[in-house]
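Please open the model in your viewer and keep the selection tool at hand, as each stop below asks you to pick out a few elements and look at how they are placed.

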Amino acid sequence: MKKIKLTEIAHGRSGDKGDAANIGIIAYNDEGYKIISKYLTAERVKKHFEGICLGKVERFELPNLRALNFLLHNTLGGGGTVSLKHDAQGKTLAAALLRIEIEVEEVNE
Amino acid sequence: MKDKIRIASGQGFWGDLIDAPYHQVTKGPIDYLVMDYLAEVTMSILQKQKNKNPELGYARDIPDLMKRILPICKEKNIKVITNGGGVNPLSCANAIIKVANEIGIKNLKIGIVLGDNILDRLDEIISTGAELKNMETGESITTVKDKLLSANVYFGAFPIVEALQLGADIVITGRTTDTGLTLAPMIYEFGWNKTDYDKLSAGTVAGHILECGAQSSGGNFLGDWKSIPNMAEIGFPIAEAFPNGDVIITKHENTGGRVSFETVAEQLLYEIGDPKSYITPDCVADFTSIKLEDLGNDRVRVYDVKGFPETEFYKVSCSYADGYSASATLTYSWPEALTKAKAADQILRKRLENLNLSFDEIRTEFIGYNACHGPLAKQLSENDINEIMLRVAVRSHDYNSVERFGKEIAPLILTGPPSVTGFAGGRPKPSEVVAYWPALIPKKLVQPKVEIIEL
């Protein structure tokens, strides 16, 4: 097993949908997409955001863009204009997700 | 029929770069300029303005902007489409006519789209059985009906198409989907039908790419952002659309920024839920069908988009008054910046408690430490922390509590922990919390109405 920093194989962007944050993660190449597709599960993301995401995490796949979209429910303190959070629209959460380190099986070349 | 049209995004939100629309119309050839002015709760601000003065209720920047760009648009035959009409598209149109007169424009047709504002029709609508339930909580709108500040239906592209067919040079709408602003010129120029769902979806996708301005042309880019050239003069995106639904996303040549697979992909992933089901009044677009081809030279082809029929409902965006809030910051420097900030927070909370004030929520954050990433932030030892900005925010239905909170911040400078600064600009004042109520309404209950105002 080896550890890969997500930020080395992907980029992304986060935004808000009500009280949920959406985080899109886009792999730089097909190899990277294989990795995130297999290892970046909703459960993994939910665990990563413990204490931040208070609801469920949904995961959607966009293989056409080498991307995954995550919806993190109950994450923005009420969302929109109601939230008291400094980052009420979750704009820094994509960067937070890119902190993740993934353990992947070593593949012999 | 034109073999292609160029649709330029003039701004990503009301508050974006002021000169962006001017640069779009001057730095290269375009056919349409589209601008979005309405965030979720903007309508409530505009409605309040209209309540005070019946002549208001639209984005007041628009007449000034038109003064600047109308002569250029007339000369180059550029049409302008915007939802900045807010709750008073007619007043907006009249204000533009006035400005056009002042600068010697000879003829001008402005199309306005009405019918989205259902605030005065709510009782009638509810009596038909449409409950306007909150899409997130399921509650019926009767729980907040008396506190509503605005209620507007999201129309799609077709009312704008009607205005263009009537010869409008400028189209001013109330609440319209952002994507509809970009889709409408394509329908109009290429004769697409209401059932050409793949093409409508392609136009919708182009609209999504354009709707946040430079966010698809190098802004807010989490890829290699340091390599984006000349962000100071970033070019806003332009959609070059073709009759078959293909779109090339690009920008003017003599501008900064970048249009690449990566910058476009990031914007495609922004603020979406289920990508297979991107719902608009005109169609349901499947974002998992989108193909992108980076052609180089800041040109990305978007093609093969598929979509499905629209639903029977319009989305309604309502807003209602829900209390007051305020926030304040103070900055503590090394040494022990975090310890001092935490101590100040405790002192403040004790004082607020002693005053018997009532708050629905008090939130404390330490900017420079973990305000953005919370538990994911790297733990730092006090010696490595140079400064911390303490931020405290409160929310209450009692105005006086929020107002008093604002008066308890400055005293901390003289009555709390040391080496504190960053307090300038007076007491934070309570601002009204405008909460958002998203609902669905059967389309048959609401009809758009298009009128032409002529100079």
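In this predicted model, begin by selecting helix H7 (residues 178-190) of chain B together with helix H8 (residues 197-210) of chain B, whose axes lie 7 Å apart and which pack at an angle of about 135 degrees. Angles over 145 degrees would count as roughly antiparallel and those from 65 to 115 as roughly perpendicular, and H7(B) and H8(B) are therefore oblique to each other.

Next, select B:Leu268 and B:Leu292, which have the most contacts inside the largest nonpolar core, a set of 75 residues. The largest share of this core, seven residues, is supplied by H8(B), the helix from the previous stop. Around B:Leu292, leaving aside its neighbours within four places in sequence, the residues in contact include A:Leu65 from chain A as well as B:Phe261, B:Val264 and B:Leu268 from chain B. Apart from this core lies another one, of 35 residues, in which you can find B:Leu38, B:Ala93, B:Ile172 and B:Ile453, among others.

The buried residues include B:Phe261, B:Glu266, B:Gln267 and B:Leu268. They pack against strands E2 (10-17) and E3 (20-27) of chain A, and in chain B against H8 and strands E8 (247-250), E11 (291-296) and E12 (299-303).

For the last stop, select helix H3 (residues 61-76) of chain B and helix H4 (residues 89-102) of chain B, whose axes come within 9 Å and cross at roughly 40 degrees. That angle makes H3(B) oblique to H4(B), and their crossing is right-handed. Which residues make the contact between H3(B) and H4(B)? On H3(B) they are B:Ile62, B:Pro63, B:Met66, B:Lys67 and B:Leu70, while H4(B) contributes B:Cys92, B:Ala95, B:Ile96, B:Val99, B:Ala100 and B:Glu102. By class, the contact of H3(B) with H4(B) has nine nonpolar, no polar and two charged residues.

Definitions and conventions
Residues are numbered from 1 along each chain as its sequence is written. Chains are lettered from A and ligands numbered from 1 in the order in which they are written. This is a predicted model: local features need pLDDT of at least 70, side-chain atom pairs count only at pLDDT 80 or more; totals for chains, interfaces and linings use all residues. Side-chain values use heavy atoms; hydrogens and water are left out. Axes are lines fitted to C-alpha atoms, for helices over the stretch in contact, and angles run from 0 to 180 degrees between N-to-C directions. Helices (H or I, at least four residues) and strands (E, at least two) are DSSP runs, numbered from the N terminus. Angles under 35 degrees count as roughly parallel, over 145 as roughly antiparallel, 65 to 115 as roughly perpendicular and the rest as oblique. A nonpolar core is a set of buried Ala, Val, Leu, Ile, Met, Phe, Trp, Tyr and Cys residues joined through side-chain atoms within 4.5 Å. Buried means under 20% relative accessible area, exposed over 50%, partly exposed in between (1.4 Å probe, protein chains only). Contact means heavy atoms within 4.5 Å. A crossing is left-handed if the near helix is turned anticlockwise from the far one by less than a right angle, and right-handed if clockwise. Ala, Val, Leu, Ile, Met, Phe, Trp, Tyr, Cys and Pro count as nonpolar, Asp, Glu, Lys and Arg as charged, and the others, Gly among them, as polar.
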